[in-house]
Protein chains: 2
Amino acid sequence: MGGDVGAKVAIAGAAKALVRHPDISYLLYGRKEEIEPLLAGYPKLKENAQVIDCEVAVSMDEKPSQALRRGRNVSSMWRAIEAVRDQDSDVAVSAGNTGALMAMAMFCLKTMPEIDRPAIAGIWPTINGESIVLDIGATIGADAKQLLDFALMGGAMARALFEVKKPSVGLLNVGVEEVKGVEEVKKAGQMLREADIDNMEYAGFVEGSDLGRGTVDVFVVEGFTGNIALKTAEGTALQIAGYLRSAMSRTWMSKLGYLFARNAFRMLRDKLDPRKVNGGVFLGLNGIVIKSHGGTDAEGYASAIEVAYDMVHNSLQAKIQHDLNEYHARNHSPRGPEAAEAV
Amino acid sequence: MGGDVGAKVAIAGAAKALVRHPDISYLLYGRKEEIEPLLAGYPKLKENAQVIDCEVAVSMDEKPSQALRRGRNVSSMWRAIEAVRDQDSDVAVSAGNTGALMAMAMFCLKTMPEIDRPAIAGIWPTINGESIVLDIGATIGADAKQLLDFALMGGAMARALFEVKKPSVGLLNVGVEEVKGVEEVKKAGQMLREADIDNMEYAGFVEGSDLGRGTVDVFVVEGFTGNIALKTAEGTALQIAGYLRSAMSRTWMSKLGYLFARNAFRMLRDKLDPRKVNGGVFLGLNGIVIKSHGGTDAEGYASAIEVAYDMVHNSLQAKIQHDLNEYHARNHSPRGPEAAEAV
């Protein structure tokens, strides 16, 4: 029911993803009288979907606490998450209210025993392909231990998504040395170096400019900065696209040039298409939840479903659990020796 | 002496800026035997410059504390700042080590009485023109009172730079409501609303995507996030330029298109030219210091000098002092009533 458009986009997206992955079966949570007429247009989807009627739909502008009060047990959002908890489904996808989705996912699924705080991991298009960036806004101001958790979970996700054996992981930091306030980032760096995790190549500190270059597979950062970096990049892409558009339409010469290079521009548009990398992955909970962009269309929604599909097929949860176990087996205290000292 | 290339770029940049602003006169701090031969190539600059021989040059990789120990009183960096303190010059410009420059500027000039911590303000190219973003890396993790100071100083800088009477000021925040950790941002927003400053239009919260759009004249953010946002935008611009280059050179059709649209691409390159917006302004000290990008060329260095020129000509320091006085006159306690409550 979520997103700026609602069920229409979700249904069309589910149909698209089904074409590419015919082994998907759907549980569709929402208002039956709204969903069923839409399903009529997609016979194949209808065959592979079960509609579960829910009386409440969380709205996009509801506060998380309010959504939780009003929608617990009864809303489509809650029930989709609950299905993951009860193992009726492998993964939940929603284009709804992010804050509410995170609040409900935490409340319903709970964080994994070793994890203090969940993260949202985004897939970032880079000049090298794609990287994972986390946290892009689940929680604010992570400490060293939480940054370490993000690194472990991001590394596991990279192994699930990119099928690399030993993903490289960097900690986002500012270039200036000796600045107060980056102690937690430095401490996390030290912990990662000392932990020497088999499944991960710790690459040290990276800067904001490394994001576009994709110098590492996984960028770790606390959520406030991660969220602003993500939106800054999106804004910059739009800004440059705007410059390009106005430059190309200024003279008849440039318009002619545009015509000749039409395919090149199509390629570029394709590269910058935000629908291609849609899907924030909630990490650190006892179950997988994927957040689609609220403003996306059917193609974008299908991408989010495909991220969900990949995460399930490549055993994301098992990979995270494995890495956490390995880390904790090597680093006796449940929080790792360095963090224990710091406490 | 600073920057990746050293005196050569600074001298060539000074000569360029002098052509555009013939009323500049320079004090050039550095190794005389290196500077004087360079000056020979610029007779007009030589006429308007005095070389002050300094035995020590701070290197680009020195730690701030080390630079301060080794370079205090004797380095070209220190002495250029000292000239501002002693009113021998109106403003200091350096392409040297940022951390060292900030440490020396703080030590030598001291922060203004009302200001806890300085900020570095950057000029951000937007679809609307230019905006000011601060802090882009002077200090990490500003509290509400410091964010308010940044807003006041950024507003004063906007009046000096853009010659608007009542610049709009926004606080960078994440979209999600009720997230822990953004209390300081919220508190700063409340303080700004209540302060009702004559010279400023407080525009509320803005997001990372607003940066490229230039929705406000001044974006306020703490330094870690500001620095990473800045570098993320730079990286994204390079990434897209790379996509565009490779798309345009793929087929003979696109190459032909490129030829026709050459002027449009030149315009675009011009828009994205980082040299055009070079110059981080140190705010909150008893004197103005401008940091040029270390990797810039003569054109970029000239831009930084021109930012310095504008700041002096448009009385930046007096404008900041005026706004601080006005704010404190209205808000009795030296920290403002809300901050006092919070302490």
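Two strands count as paired when DSSP finds at least two bridges between them. Keep that in mind as we walk through this predicted model, beginning with the sheet of chain B.

In chain B, eight strands make an open sheet with mixed pairing, and their order across the sheet is 3-10-9-4-5-8-6-7. Which strands stand at the edges of this sheet? They are strand 3 (91–94) and strand 7 (201–206) of chain B; each has a single partner strand, so one side of each is left without a neighbour in the sheet. Ignoring direction, neighbouring strands are turned by 25 degrees against each other on average. For one example of the pairing, look at strand 6 (residues 168–172) and strand 8 (residues 218–220) of chain B, which are parallel and share three bridges. Within strand 8 of chain B, the residue opposite B:V169 is B:V218.

Now turn to chain A. Here, too, there is an open sheet of eight strands with mixed pairing, in the order 3-10-9-4-5-8-6-7. Strand 3 (91–94) and strand 7 (201–206) of chain A are the edge strands, and because each has a single partner strand, one side of each lacks a neighbour in the sheet. From one strand to the next, the twist averages 25 degrees.

Toward strand 9 (residues 280–283) of chain A, strand 4 (residues 119–126) runs antiparallel and is joined by three bridges. A:A119 has A:L283 of strand 9 as its bridge partner. Strand 4 of chain A also runs antiparallel to strand 5 of chain A, this time with six bridges. A hairpin connects these two strands of chain A, strand 4 and strand 5, through two residues. Opposite A:P125 you will find A:E130 in strand 5 of chain A. Moving on from there, strand 5 and strand 8 of chain A run parallel and are joined by three bridges, with A:I132 standing opposite A:V218 of strand 8.

Helices lie against this sheet. Helix 7 (residues 144–162) of chain A lies across several strands, including strand 4, strand 5 (129–134) and strand 6 (168–172) of chain A, and it runs at about 150 degrees to strand 5. Helix 13 (residues 298–313) of chain A also packs on the sheet, where it touches strand 3, strand 4, strand 9 and strand 10 (288–291) of chain A. The direction of helix 13 makes about 165 degrees with that of strand 3 of chain A.

Charged pairs come next. Side chains of opposite charge can pair when their charged atoms come close. Over all chains, the count comes to 26 salt bridges. One of chain A's pairs is A:E299 with A:K16, whose closest N and O atoms are 3.6 Å apart. This pair links distant parts of the chain: A:E299 belongs to helix 13 and A:K16 to helix 1 (residues 7–20) of chain A, 283 residues apart.

A few details of the backbone deserve a look. Most residues other than glycine have a negative phi, and most peptide bonds are trans. In chain A, however, the bond from A:L134 to A:D135 is cis, with omega near 5 degrees. A:D135 sits in the loop between strand 5 and helix 7 of chain A. Chain B has a cis peptide bond between B:L134 and B:D135, with omega about 5 degrees, and B:D135 is in the loop between strand 5 (129–134) and helix 7 (144–162) of chain B. A:Q87 has a positive phi, near 60 degrees, although this residue is not glycine; its place is the loop between helix 5 (76–85) and strand 3 of chain A.

Finally, how do the two chains meet? Chain B brings 61 residues to the contact and chain A brings 60 residues. About 5,200 Å² is buried between them, with carbon and sulfur atoms giving 75% of that area. On the chain B side, B:F224, B:Y243 and B:F260 lose the most area to chain A, together 13% of what that side buries.

There are two salt bridges between chain B and chain A. In one between B:E207 and A:K231, the N to O distance is 2.3 Å. Nine residue pairs are in polar contact across the interface. Helix 10 of chain B supplies the largest share of the side that touches chain A, 18 residues. That side of chain B divides into 33 nonpolar, 19 polar and nine charged residues.

Conventions. Residues numbered from 1 in each chain as written. Chains lettered and ligands numbered in written order. Predicted model: local features only at pLDDT ≥ 70, side-chain atom pairs only at ≥ 80, totals over all residues. Heavy atoms only, no water. Contact = heavy atoms within 4.5 Å. Buried area = accessible area lost by both parts, 1.4 Å probe. Salt bridge = Lys/Arg side-chain N within 4 Å of Asp/Glu carboxyl O. Polar contact = N/O pair within 3.5 Å; in protein donor to acceptor, adjacent residues only side chain to side chain. Helix = DSSP H or I, 4+ residues; strand = E, 2+ residues; numbered from the N terminus. Nonpolar A, V, L, I, M, F, W, Y, C, P; charged D, E, K, R; others polar. Axes fitted to C-alpha atoms, helices over the stretch in contact; angles between N-to-C directions.
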